[in-house]
Amino acid sequence: MSRTDLLDGPALPHPPAPTEEPDAADFAIPAAGLGNEQRLRALDRLDGYLTRKRRNLLGYQATQEMGGCAFDLGRFLQHNINNLGDPFQSGGYKPNTKVVERAVLDYYAALWHANGPHDPADPESYWGYVLSMGSTEGNMYALWNARDYLTGKPLLRSATGAAARSNSLPPVAFYSEDTHYSFAKAVRVLGVETCHAVGTEQYPGECPLAGDWPTEVPSRSGPSGSSWDGTGEIDVDALAALVEFFAAKGHPIFVSLNLGSTFKGAHDDVRQVCERLLPIFERHGLIRAEVTHGRDPQTGAPRTDLRRRFWIHVDGALGAGYAPFLRMATADPSFGWTPDTALPEFDFGLTLPTREFGDLDLISSIAMSGHKWPGAPWPCGIYMTKVKYQVSPPSQPDYTGAPDTTFAGSRNGFSPLILWDHLSRHSHRDQVDRIRRAQELAAYLEQRLRLLELSHHLTLWPARTPGAITVRFRRPSPALVTKWSLSSQDVLTTPGDESTRRSYVHVFLMSSVDRPKLDALLADLADDPALRTPPLS
């Protein structure tokens, strides 16, 4: 009897214990170093461990199949490649891959409806770079960029036009409770205040929502009336009410929206958010206002220019890699597939009409992780904005030979090669097929989990947010969590009541996942005694 047949038959004995991690003693480095045999044995053990774990990894947003890039790109490991400084200037460190980096940026600029190629003289042109970290770095750069732009730091290129009004209050950041934890770190590191911090300190008892100021913007509620069983999108009504309050007080606004949230894979409705917030920005003069950034050294007069007083960022760590191809399939019947859920606009092409300024572009920045949907053997990603939002870097070191406009300074020159290799291997049709397979596997896993509940009398709580490539369900035994590298999260079905705690895990249907792998997981779940015990709720 096959493992798949177990889903409709009796359970087997408990699954074997997970493979242990390599022994640290194998990798201890003595003063005399290791002999060649010892060194190779340690590397073999590590390779075996990583190979086993790669085959079973299901719980994280990480593509495990690299498309053979190691065979084509291994030759570059003999070079110390450093994309030091701005990607659009070669700089003094010549062993770089900036020409490849620019090709990758141009590719995503086209997908995200940005004006390209990059032109420093065109304020509407895109600017960006390949990150050395994942979207944590991209989100942090977006917040840093927005903070300095909104507080009046000097721009690389000054705006022009008639002055509206001055504004010296600090910006306030808004992001949902389903947002990646990197934002909680970023606001702390960069000293940007959230609506909770500013509201609690300056406006106690004035929250426009019921109760105290929320730590984050609430996500949409589910059938229980709580967000725990919701689909994970930001509550647009709650966001609009909070933004209205702070905009009326004169605060600049920073909003981050999710495109493929960390646990539920939710896509915030970026267009709907923009449609709700734009009238607020218009009412309170945030579309264009005069800001001061220092004084003229000759005359002593204040230096001013005109800027927006809002910034909308899209954290597309996962979704920005595949959403353009979902939209292609929706718009073009020749792809032969129409997605069940059509994603709304999310990128630089999103514009809305205004009374005074004509059509207005709403999105200021986007971040994407390269090791998630495209796939890379290490964390990397892309940050993208527009020339008109670039602020002058805090320092101008001569020895780098290129402006220090990026967050990291020294940057991994291999990452652009990995991304370029992936993009060059896959046509747009190939990319549509990749996301189609992921969507179909997500629907398959959700359906099989529901059948498993009935056939084996289990309680699994399977759920999937529409359009997401992740499925969540009840946390199994620790052995299976380890075996399948499952990410877990606890929720309270009744906020504040510990007796209603539920533990969930989720599976991400990345391009390296297939049906046999899911069937093996399902067979393990069918045989897991932890799922036969009555849940707390």
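How many cavities of 30 Å³ or more does a search of the whole structure find? The search finds four. The structure is a predicted model, in which local features need pLDDT of at least 70 and side-chain atom pairs count only at pLDDT 80 or more, while totals for chains, interfaces and linings use all residues. Residues are numbered from 1 along each chain as its sequence is written, and side-chain values use heavy atoms, with hydrogens and water left out.

Cavities and pockets were located on a 1 Å grid over the protein atoms alone. A cavity is a set of points where a 1.4 Å probe fits but cannot get out. A pocket is an open set with protein on both sides within 12 Å along at least five of seven lines. Lining residues have an atom within 4 Å of a point. Grid points are joined across faces, edges and corners, and a volume is the space filled by probe spheres set on the points.

The largest cavity has a volume of about 70 Å³. Its lining includes Gln 61, His 180 and Lys 372. The stretch Asn 258, Leu 259, Gly 260, Ser 261 and Thr 262 also lines the largest cavity, as do Asp 315, Ala 317 and Leu 318. By class, this lining has three nonpolar, six polar and two charged residues. Here Ala, Val, Leu, Ile, Met, Phe, Trp, Tyr, Cys and Pro count as nonpolar, Asp, Glu, Lys and Arg as charged, and the others, Gly among them, as polar.

The second largest cavity has a volume of about 50 Å³. Trp 228, Phe 263, Lys 264, Arg 472, Gln 489, Val 491 and Tyr 504 form its lining. Four of these residues are nonpolar, one is polar and two are charged.

The largest pocket has a volume of about 1,000 Å³. It is lined by 44 residues. Glu 177, Asp 178, Thr 179, Thr 262 and Gln 489 lie nearest its centre. Two or more lining residues come from each of α4 (135–150), α5 (182–190), β13 (487–492) and β14 (501–508). Helices (H or I, at least four residues) and strands (E, at least two) are DSSP runs, numbered from the N terminus. Strand β13 gives the most to the lining of the largest pocket, with five residues. The lining divides into 14 nonpolar, 22 polar and eight charged residues.

The second largest pocket has a volume of about 840 Å³. Its lining holds 30 residues, of which Arg 54, Gln 64, Met 66, Ala 376 and Pro 377 lie nearest the centre. The elements that give two or more residues to this lining are α1 (36–56), α2 (69–73) and α10 (414–425). Helix α1 gives the most, with seven residues. The lining of the second largest pocket has 18 nonpolar, eight polar and four charged residues.

Strands β13 and β14 also belong to an open sheet. Three strands form this sheet in the order β12-β14-β13, with antiparallel pairing. Two strands pair if DSSP finds at least two bridges between them. The edge strands, β12 (470–474) and β13, each pair on one side only. The twist averages 35° from one strand to the next. Strands β12 and β14 pair over five bridges. Across this pairing, Val 471 stands opposite Val 507 in β14, and Arg 472 stands opposite His 506. Strands β13 and β14 pair over six bridges. Val 491 has Arg 502 in β14 as its bridge partner. In a regular strand the side chains alternate between the two faces of the sheet.

Strand β14 is mostly covered, with six of its eight residues buried. Buried means under 20% relative accessible area, exposed over 50%, and partly exposed in between (1.4 Å probe, protein chains only). Helix α11 (residues 428–456) lies across β12 and β14 and runs at about 20° to β12. Axes are lines fitted to C-alpha atoms, for helices over the stretch in contact (heavy atoms within 4.5 Å). Angles run from 0 to 180 degrees between N-to-C directions.

Leu 257 is found in strand β4 (residues 253–258). This residue is buried, with a relative accessible area of 0%. Leaving aside neighbours within four places in sequence, Leu 257 is in contact with Ile 234, Asp 268, Val 270, Val 273, Ile 312, His 313, Val 314 and Asp 315. The C-alpha atoms of Leu 257 and Tyr 175 are separated by 6.6 Å, although the two residues are 82 residues apart along the chain.
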